[in-house]
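Here's a quick briefing to read alongside the fold. Have the viewer open and follow along.

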Amino acid sequence: MSKVGSDEGALAADDLASRRTIGIPDKTTPLKDLELAVRETFFPDDPFRPFKNQPRSRRLQLGLNYIFPPLQWLRSYKLSYLKDDIIAGLTIGSLCIPQDIGYSKLAGLPPIYGLFTSFVPPLIYALLGVSREIAIGPVAVVSILLGTLASHQLPVPTLATKKCDTTSLKFINDACTQYRESYLALIFTATFFAGIFQAALGLLRLGFIIDFLSHAAIIGFMGGAAVTIALQQLKGMLGISTASFTRKTDIVSVLRSVFQHVDEWSWRTALLGLFFLGFLLLCKFIGKKNKKLFWIPAIAPLTSVILSTLFVLVTNLDKHGVAIVGKIDGKINPSSVGRFMFHGEILKKALRVGFESALIALTEGVAIGRTFASFNNYQIDGNKEMIAFGTMNIVGSCTSCYVATGSFSRSAVNYNAGCKTPIANVVMSIMVLVVLAVATPLFHDTPNCILASIIINAVLTLIDIPAAIKVFKVDKLDFLSLMAAFLGVLFISVEIGLLIAVSVSVANILLQVTRPHTAVLGRIPDTSIFRNVEQYPDSSRIPGILIVRIDSAVYFSNANYIRERILRWLDDENDQIKKENGIPFQFLIIEMSPVTNIDTTGILSLEDLLKTLHKRKVQLAFANPGTKVIQKLNDAGFVAEVGSDWFFLTVGEAVEVCRRHLTFGHESMTPDESKAPHLRS
C-alpha cells in the first residue's frame with residue numbers, strides 16, 4: 001500500500017533507524033496453542049504446581065491432602081484450637097436448630113428434615129471442604145427455591161384436597177399420603193442430582209460457570225427472595241394454616257391469600273410472634289453494636305423457642321388458636337435411597353429442580369467461603385469446594401437430607417465466635433445429633449409463629465440496601481440487573497427471578513463484548529504520554545492524525561462495530577475540522593495495547609477498514625499490538641498488506657513518524673500543535 005502524500009511504499013531510512021521494530025514471536029504449533037488454552041481455561045490456579053519435581057511418595061501425600069484437607073491442618077492443630085472450635089460449634093448449633101425447623105417448612109418438608117440436613121452434610125464437608133469458617137446446613141433461599149420448584153413441578157392432586165400439607169404428618173386421606181411420598185421422592189432425587197451437578201462442575205473444572213451470575217444480580221435475587229420469604233411467614237405470624245395458604249411466592253398472590261383468610265387470623269398468634277420478633281431484632285442490634293456480644297443474637301432464636309414453648313405450656317395457648325409444631329419423630333437420619341425415582345416424569349422434574357438448586361447453592365456457598373477466607377488471608381479453591389458441596393449433597397440425599405450449602409448468618413457467627421477449623425461444623429452436627437436422638441419431643445409445643453419470626457429475623461440480613469446503593473452510584477447498568485432480578489422474584493416467582501438474574505448477567509456480558517469501549521487519545525501536555533481526551537480534557541489532539549484506542553479483544557461479535565465506530569470517529573472529527581478550516585486527517589493510529597486477541601473475523605474487519613481508509617487517502621498505523629495479535633496479523637498476511645513499517649512500539653513513535661509525513665499541497669511540514677487550538681479537547 002502506498003503511503004499518503006508519497007509515492008514510496010515504505011518509510012524513509014531515517015525514520016526506520018530512529019525507532020524500534022515490533023517483535024513477531026515464532027509461530028507455535030496448534031497442539032501447543034490448544035494446551036495453553038485448556039490450561040488457562042480449566043487450570044488457571046495451576047493446582048498441579050505443588051506436585052512438580054516431587055518424589056512419588058510426596059505426590060501421594062499431597063494428593064491425599066488435596067482430597068482430604070484435614071490431613072494437612074490436623075498436623076498443626078493445637079489444644080487451644082479445640083476450645084475455640086467447641087465454643088463456635090455450640091454457638092452455631094444453638095442458632096441452627098430453630099432455624100432448621102423453620103427452613104424445612106420453606107422447602108415444604110416436615111420439621112425433622114431440616115435437622116437431618118444439619119447433621120450429615122456438615123460432617124462430610126468437614127472431611128472434604130477447605131473453608132474453616134463456613135457453617136453448613138439448610139439455608140432460607142435454597143429452601144424456598146427448592147420448595148417452590150418442587151411444588152410447581154408436582155402440584156397437589158385434586159383427590160388429596162386442599163388440606164393436604166407436605167410439612168405435616170397428619171393423615172388426611174390416602175391420596176394425600178401418596179402425594180407426600182411423591183413429594184419426598186422428588187426432593188431427595190433432586191438433591192441427589194444437585195450433588196451430581198455440583199461435583200461434576202468441580203471435577204470438570206467448570207467452576208467459572210457460576211461467575212455468570214453477577215454480584216449485582218445476586219444482590220437483587222437475594223433481596224427479592226428475602227422479601228418473598230418474609231411475606232410467606234405472614235401465614236405463621238397470623239395463624240393461617242399452611243394447607244390453605246397459597247403455594248405461589250409472588251407478592252400479589254401472597255397478600256391476596258393473606259386477606260382471603262382473614263377468618264383464620266389469630267390475634268394471640270400475631271401478638272406472640274411480634275413480641276419475639278422484636279426480641280430477636282433487639283438482640284441482633286445489640287450484637288451489631290458490640291462485636292464482643294455476638295453470642296447474644298446467636299442464642300436468641302433458641303432462647304425464643306424455649307421461652308415461647310414454656311409460655312404455651314403454661315397458658316395452654318394451643319387450645320386458643322395458636323398453632324404449634326406438633327409431633328416430631330425423634331430419630332437419626334434414616335436411609336432415603338429407596339425413595340429415589342430414576343424413571344418417569346419424576347426424573348425429568350428432579351433434574352430441573354436439582355440443577356437450579358445446585359446453581360444457587362454453589363453461588364452462595366462458594367461466595368461465603370471466599371469472603372471469610374479473605375479475612376484470614378488464605379485461598380479457596382472454588383472447584384475443590386464444588387466437589388465438597390456435591391459430595392455432601394449426594395451423601396445427604398441418601399440420608400434424608402435436602403440441598404445444603406453455606407449459611408452466611410451462621411458462618412458470620414462461627415467466625416465471630418473464633419472458630420479455627422471445620423471441627424466447629426462437627427461440634428454443631430453432634431449437637432444436632434443429640435437433639436435428634438433425645439430432644440425432639442421438646443419442640444412439640446413450640447408455636448409456629450416463633451419459627452416465622454426466627455425466619456424473618458434471619459432473612460432480613462439478605463436485604464443489602466447499602467450494597468444496592470453502592471451499585472447504583474457506581475454502575476447504572478449493574479443496578480438495572482439488580483432491580484430486574486429483585487422485581488422478577490418479587491412479582492413473578494423465585495424461579496423466574498433466578499432466570500432473570502442469569503439472563504440479565506449474560507446480557508450484560510454480551511453487551512460489553514459486542515459493544516466494547518473505544519477512545520480518542522490526545523497528548524498529555526509536556527509529555528509523550530497519550531490518554532483518553534474525555535478523561536484528560538487538557539490533553540491535545542495531534543493535527544492531521546487521529547489516534548484511537550480499542551479497549552477489548554476483537555472478535556466476530558464486535559469486529560463490525562469496532563470498524564464502524566472507528567470510521568464514525570473519523571467522520572465526526574473531520575466534520576468538526578471542516579467547520580474550523582483545520583487540517584484534514586491523513587493518518588489513523590490504532591492503539592492496540594488493550595487488544596488481547598483477535599480472530600479471523602476481526603482481521604477481515606481490519607482489512608475492510610484498510611481499504612476504506614485507502615480510498616479516503618488516510619494511512620493506517622498500529623501501536624503496540626500484543627503477542628497473539630501481531631502473530632495472527634502476520635500469519636494472515638495483514639502485516640505485509642499494511643506494511644511492517646506502519647507497526648510501532650508506542651503511540652509516541654507512531655505520532656512522530658506520521659507528523660514528519662503530513663502533507664499540505666505539495667510540501668511536507670510538521671504543524672505546530674500550539675497553532676491548532678481548534679484541535680484541543
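Predicted model: local features only at pLDDT ≥ 70, side-chain atom pairs only at ≥ 80, totals over all residues.

Residues are numbered from 1 along each chain as its sequence is written, and side-chain values use heavy atoms, with hydrogens and water left out.

- Strand S3 (residues 518-523) has six of its six residues buried, so it is largely enclosed by the rest of the structure; buried means under 20% relative accessible area, exposed over 50% and partly exposed in between, with a 1.4 Å probe and protein chains only.
- In a regular strand, side chains alternate between the two faces of the sheet.
- On S3, Thr518, Val520 and Gly522 point one way while Ala519, Leu521 and Arg523 point the other, and all are buried.
- S3 pairs with S5 (residues 545-550) in the antiparallel sense over three bridges, and Ala519 sits opposite Arg549 of S5.
- S3 also pairs with S4 (residues 530-532), antiparallel and over three bridges, with Gly522 and Arg531 as bridge partners.
- The S3-S4 hairpin has six residues between its strands, and Asp526 in the turn has a positive phi of about 65°.
- S7 (residues 619-623) and S8 run parallel, joined by two bridges; Phe622 stands opposite Phe647 in S8.

**Helix packing around H8**

- The axes of H8 (residues 140-153) and H22 (residues 494-514) come within 9 Å and cross at roughly 110°; axes are lines fitted to C-alpha atoms, for helices over the stretch in contact, and angles run from 0 to 180 degrees between N-to-C directions.
- H8 and H22 are therefore roughly perpendicular; that label covers 65 to 115 degrees, with under 35 roughly parallel, over 145 roughly antiparallel and the rest oblique.
- Leu145, Thr148, Leu149 and His152 of H8 meet Val494, Glu495 and Leu498 of H22, where contact means heavy atoms within 4.5 Å.
- H8 and H10 (residues 215-232) have axes that come within 10 Å and cross at roughly 70°, so H8 and H10 are roughly perpendicular too.
- On the H8 side of that contact are Ala140, Val141 and Ile144, and the H10 residues include Phe221, Met222 and Ala225.

**Glu495**

- Glu495 is in helix H22 and counts as buried at 11% relative accessibility.
- Its side chain makes a polar contact with the side chain of Arg352 (2.3 Å); a polar contact is an N or O pair within 3.5 Å, where within protein one atom must be able to donate a hydrogen and the other to accept it, and residues adjacent in sequence count only if both atoms are side-chain atoms.
- Beyond its neighbours within four places in sequence, Glu495 is in contact with Leu145, Leu149, His152, Arg352 and Glu356.

**Cys658**

- Cys658 is found in helix H27 (residues 651-660) and is buried, at a relative accessible area of 0%.
- Leaving aside neighbours within four places in sequence, Cys658 is in contact with Ile545, Phe587, Ile589 and Trp646.

Key
Helix = DSSP H or I, 4+ residues; strand = E, 2+ residues; numbered from the N terminus. Pairing = 2+ DSSP bridges.
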